[in-house]
Amino acid sequence: YGFINTCLKSLVVEKYGEETWEKLRLQAGVQDSFLTFEVYKDEITMQLVDKACKVLGVPADIVLREFGKYFFEFCKRSGYDHMLRTLGGNLYEFIENLDALHSYLSLSYQASFCFVCFFFPQEMNAPSFRVEKNEDGSMHLHYYSDRRGLCHIVPGIIGAAALDFFNIEISMKIVNQTEEEERTGKKEHIVFLVTQTPLFPRKERNEVSSSSQCLVDSEKQIENQLNKEDLEKAKNANGDRGNSLCPVKKSHWKTLRGIITLGKGKLLRGFDPVYPKSLWIDTKTFCNGLPFHMVFDKELKVKQAGVSIQKIVPGLQTMGICLDQYFRIIHPEVPFTISSIQKFINSQFVFQTRREMMPESWKERPMLELRGQMMWMESLQCMLYLCSPLLRTLHELEERQMHIADIAPHDVTRDLILLNQQRLAEMELSNQLERKKEELRILSKHLEEEKKKTEALLYAMLPQHVANQLKEGKRVEAGEFKECTILFSDVVTFTNICAQCEPIQIVLMLNSMYLRFDRLTTVHDVYKVETIGDAYMVVGGVPVPVPTHAERVANFALGMIMAAKGVQNPVSGNPIQIRVGIHTGPVLAGVVGEKMPRYCLFGDTVNIASRMESHGVPSKIHLSSSAYQCLKYKNFEITERGEIEVKGKGKMHTYFLIRNKSATEDEIMGRP
């Protein structure tokens with residue numbers, strides 16, 4: 001389910017940052033977000049884990065172990081904390097009941113939730129667990145899964161749960177790893193050796209160490225206070241219970257720990273169950289009261305069955321038939337033998353009817369599944385299967401043509417079906433909301449991308465601070481700039497070229513040239529004012545005043561001359577030639593118009609810069625005297641042109657810019 005992929009994303013983002021997750025998911029080729037209850041392919045998760053190992057440079061077992069720890073915390077934050085805490089009073093009980101938790105969640109969500117691995121769809125199998133206690137206090141944890149290579153998640157999650165719920169530190173070591181043929185198909189069977197170390201807060205640890213002698217003294221004191229009769233009763237009671245499969249010799253002090261003191265010195269023994277000498281229930285009542293139960297012996301021969309299961313599977317009315325002829329074991333995936341069932345006696349068993357053995361009326365319906373526990377009756381050498389129909393919804397009940405009345409009134413399956421009907425409706429609503437949320441997130445992301453494109457287009461037409469003011473509905477005041485440098489350029493013999501070419505050829509030529517010039521404006525950080533036909537206008541020091549405005553425009557002009565050599569004249573086939581004119585002086589700048597607002601420059605400086613271009617020489621950069629004054633001490637090679645007659649200005653002393661003595665051609669062109 002998407003829950004696991006969301007958890008993996010959360011881990012990477014929280015510990016390594018958004019950039020690492022983005023890199024990881026792109027390499028894995030997966031989407032950015034996942035719906036919680038949406039089913040995704042296993043390959044997606046495995047790809048993410050594999051790429052995480054490569055991107056982070058960490059071995060797979062370390063990644064999986066860390067993921068296991070984080071997954072435990074993620075489950076707690078996702079609302080499973082209380083459910084997990086109540087699984088058992090110690091680590092052994094906690095692990096022993098994991099399969100039961102998976103079974104419950106399978107019933108509730110129509111999918112198998114695996115706390116120790118992943119969410120799996122209904123048609124797939126969750127891992128299974130079996131735990132064995134050892135005499136030295138350690139445990140052997142058996143982990144079965146049809147997904148190979150994920151076993152290292154188990155120590156991470158079990159270790160985190162042990163520390164959080166039971167305040168113990170554990171170490172888990174793989175002692176055996178096999179392909180389990182005993183189960184249906186080849187499954188990975190990992191055996192972990194689990195050793196436990198209790199942890200105490202500092203204060204408790206000091207109290208324990210300082211009071212060890214007090215415990216010994218208290219033992220003697222209490223033993224003296226108890227009269228011999230009560231002590232004897234307590235010993236006898238515990239002695240009776242000691243006749244179990246695993247008798248343990250107990251000291252007087254351990255015996256007394258099971259005694260409860262009530263009132264003034266009155267003692268009450270620990271609980272002892274009382275059994276009747278004979279069973280006060282007749283066979284008919286038992287079979288009616290537990291309508292879904294079966295008793296079978298070591299050869300799987302049916303000795304007894306409840307009335308409802310007989311109604312559905314009429315073959316069970318013939319006592320002595322073999323149970324495996326009518327049922328198959330769905331969970332845990334073990335062979336249908338007494339030894340295999342005893343091996344997983346603490347697991348919940350799910351049986352499914354065999355289609356070929358069902359009556360004709362049942363063969364078109366979904367097969368009935370039963371879920372319950374196995375109890376071995378040593379005195380009878382028989383197995384009791386106490387079960388209920390595994391039904392999740394009213395729809396499943398109707399598909400099997402069953403009714404609520406077929407289920408015993410005391411069986412909570414009745415309530416689960418009705419409650420789950422409501423839960424599934426709520427989950428569907430939650431899924432719809434989550435999908436809508438994801439759609440809105442994607443739309444918002446696309447909107448943000450389009451907004452950035454729009455802003456980029458706007459900033460290409462107007463200076464950024466001016467565009468922002470216009471977006472906010474503010475009026476942009478005209479500004480005076482005391483000194484800036486303006487450049488004009490045009491194509492030599494452009495009129496003749498237009499007369500001899502198709503319009504599309506002119507457009508392609510100008511576009512090729514302007515693309516090169518536009519890139520250079522970014523390289524040298526100058527502002528492109530406008531283009532009119534073949535004329536290109538640039539300014540330095542506007543709209544943001546800078547002291548290096550003249551050097552920036554001069555370098556840009558040198559780049560223009562170089563770039564123009566790469567643009568072909570459509571008439572002659574030779575590189576085009578351009579004229580460039582530069583002048584430095586004051587200007588007034590402001591936004592003109594509302595329909596298509598433009599940022600324009602006004603003043604005599606603009607006119608003189610235009611005259612420098614029109615009175616220039618092909619493939620030369622023509623400088624006015626004021627531009628020369630700004631550049632003459634800036635490592636530029638400049639030659640004097642002398643006095644020329646300038647239209648509308650009279651005689652002017654002008655210069656030619658040759659090159660930048662301190663910059664290479666690659667630096668001028670912005671090439672790496």
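Colleague: Which term describes how helix 2 and helix 3 lie to each other?

Modeller: Before that, a word on the model. It is a predicted one, in which local features need pLDDT of at least 70 and side-chain atom pairs count only at pLDDT 80 or more, while totals for chains, interfaces and linings use all residues. Residues are numbered from 1 along each chain as its sequence is written, and side-chain values use heavy atoms, with hydrogens and water left out.

Now the general idea: two packed helices are described by the angle between their axes and the distance between the axes. The axes are lines fitted to C-alpha atoms, for helices over the stretch in contact, and the angles run from 0 to 180 degrees between N-to-C directions. Helices (H or I, at least four residues) and strands (E, at least two) are DSSP runs, numbered from the N terminus. Angles under 35 degrees count as roughly parallel, over 145 as roughly antiparallel, 65 to 115 as roughly perpendicular, and the rest as oblique.

Here, helix 2 (residues 18–28) packs against helix 3 (residues 42–56) at about 125°, their axes 9 Å apart. The two are therefore oblique to each other.

Colleague: What is the hand of the crossing of helix 2 and helix 3?

Modeller: A crossing is left-handed if the near helix is turned anticlockwise from the far one by less than a right angle, and right-handed if clockwise. This one is right-handed. As for contact (heavy atoms within 4.5 Å), Thr20, Trp21, Lys23, Leu24, Gln27 and Ala28 of helix 2 meet Gln47, Leu48, Lys51, Ala52, Val55 and Leu56 of helix 3. By class, that makes seven nonpolar, three polar and two charged residues. Ala, Val, Leu, Ile, Met, Phe, Trp, Tyr, Cys and Pro count as nonpolar, Asp, Glu, Lys and Arg as charged, and the others, Gly among them, as polar.

Colleague: What is the angle between helix 16 and helix 17?

Modeller: Helix 16 (residues 413–461) and helix 17 (residues 464–471) pack at about 120°, with axes 8 Å apart. Their crossing is right-handed. Glu455, Leu458 and Tyr459 of helix 16 make the contact with Gln464, Ala467, Asn468 and Lys471 of helix 17.

Colleague: Is valine 194 buried or exposed?

Modeller: Buried means under 20% relative accessible area, exposed over 50%, and partly exposed in between (1.4 Å probe, protein chains only). At 0%, valine 194 counts as buried. Valine 194 sits in strand 6 (residues 187–198), and its contacts beyond four places in sequence include Leu91, Met139 and Ile170.

Colleague: Which residue other than glycine has a positive phi near 65°?

Modeller: That is leucine 300, in the loop between strand 9 (293–297) and strand 10 (302–305). Leucine 300 is buried, at 7% relative accessible area. Asparagine 167 also has a positive phi, about 55°, but asparagine 167 is partly exposed at 34%.

Colleague: Which residues does a cis peptide bond join, with omega about -10°?

Modeller: Histidine 331 and proline 332. Another cis peptide bond, with omega about 0°, joins valine 542 and proline 543.

Colleague: And what pLDDT does the protein average?

Modeller: pLDDT is the predictor's confidence in each residue, from 0 to 100. The protein averages 82, and 84% of the residues score at least 70. Take care with residues 237–268, where pLDDT stays under 50.
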